[in-house]
Amino acid sequence: MKLAILSDVHANLVALDAVLRELEPEGVDAIACLGDMIQGGPQPAQTVARLRDLGCPVVMGNSDAWLLSGRMTGTETLSDEQQARLEQGRQWSLAELSAADRDYIAGFSPTIEVALAEGLSLLGFHGSPADFDQFIFPTTPEPEFQALLSPHAHCILAGGHIHLQFVRRVRDLFFFNPGSVGVAYHHEQAAPGLRLDPWAEYAILTLRGRRIGLEFRRTPFDVNRLLQVYRSCGCPFPERALQHYGTGTPSRASSKPAAACSA
């Protein structure tokens, strides 16, 4: 059994298609997506269409839930200017999506379970199994980490949200984050310049009998093509993408970057 796990595309179809092209000769048995697939980039409707074609299970992430509802659910405090900018990006994304597209997104699940082999399953979610806004880091204190995930330790666990590839043990199995397909970045950058990485991150989980393999991948994509999309799509604040990919004046770094159409 070979499973590709993708997360946090944020409407960057250029990056998603680079991953899918790489997967074509791999012979993967299934693809699972861990949320934040649509909101925050220049290709929301096109990304919905690609996911529909794939027919893969998709988790509801915090950004896509906010896209549909307009209700902020995280703990981050935003200025009035930031909130207004976010709402402009949200309204643009909504205008790009048909009613059928929005219904499709509303059908994303809080969690997904994928049967693997030998009676084992993968449980996929966005932040944690109970909360798509939950942050789980490599440095999350062990008691907190185990309290969040040990009740689900009969499965291999996979979550997204923080755009960071890592793996940690949970009892006899493990939790991993596949990173971000559409908005990968180095978390230890200093202000004022924030740079996004020119690659898509994802993971491959392989089971052969009792042997389990986990591979983290970085796949380059055509950044110039992505910037052309930003310039031509009509989304608000395309200059932010130019800044984040090293063209134009850098914007101020933050702990988690917002894509150009959402912040």
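Me: Which residue of E9 stands opposite Thr206?
Reply: Gly213 does. This is a predicted model, where local features need pLDDT of at least 70 and side-chain atom pairs count only at pLDDT 80 or more, while totals for chains, interfaces and linings use all residues. Residues are numbered from 1 along each chain as its sequence is written, and side-chain values use heavy atoms, with hydrogens and water left out.

Me: What makes E8 and E9 a pair?
Reply: The rule asks for at least two DSSP bridges between two strands. E8 (residues 199-208) and E9 have ten, running antiparallel, so they count as paired. The strand names, by the way, are DSSP runs of at least two residues, and helices (H or I) need at least four; both are numbered from the N terminus.

Me: Why do E2 and E9 count as edges?
Reply: The open sheet has the order E2-E1-E8-E9, with mixed pairing. E2 (30-33) and E9 (211-220) each have a single partner strand, so one side of each lacks a neighbour in the sheet.

Me: How do you know how H3 lies against H4: roughly parallel or roughly perpendicular?
Reply: Helix H3 (residues 62-69) and helix H4 (residues 80-96) pack at about 80 degrees, with axes 9 Å apart. Axes are lines fitted to C-alpha atoms, for helices over the stretch in contact, and angles between N-to-C directions run from 0 to 180 degrees. The cut-offs are: under 35 degrees roughly parallel, over 145 roughly antiparallel, 65 to 115 roughly perpendicular, the rest oblique. That makes H3 roughly perpendicular to H4.

Me: Which H3 residues meet H4?
Reply: Trp66, Leu67, Leu68 and Ser69 meet Leu86, Glu87, Arg90, Ser93 and Leu94 of H4, where contact means heavy atoms within 4.5 Å.

Me: What covers the question of E5's faces?
Reply: Both faces of E5 (residues 156-159) are covered: Ile156 and Ala158 are buried on one side, Leu157 and Gly159 on the other. Gly159 is also the bridge partner of Phe125, and Ala158 has Phe176 in E7 as its partner.

Terms used
Buried means under 20% relative accessible area, exposed over 50%, partly exposed in between (1.4 Å probe, protein chains only).
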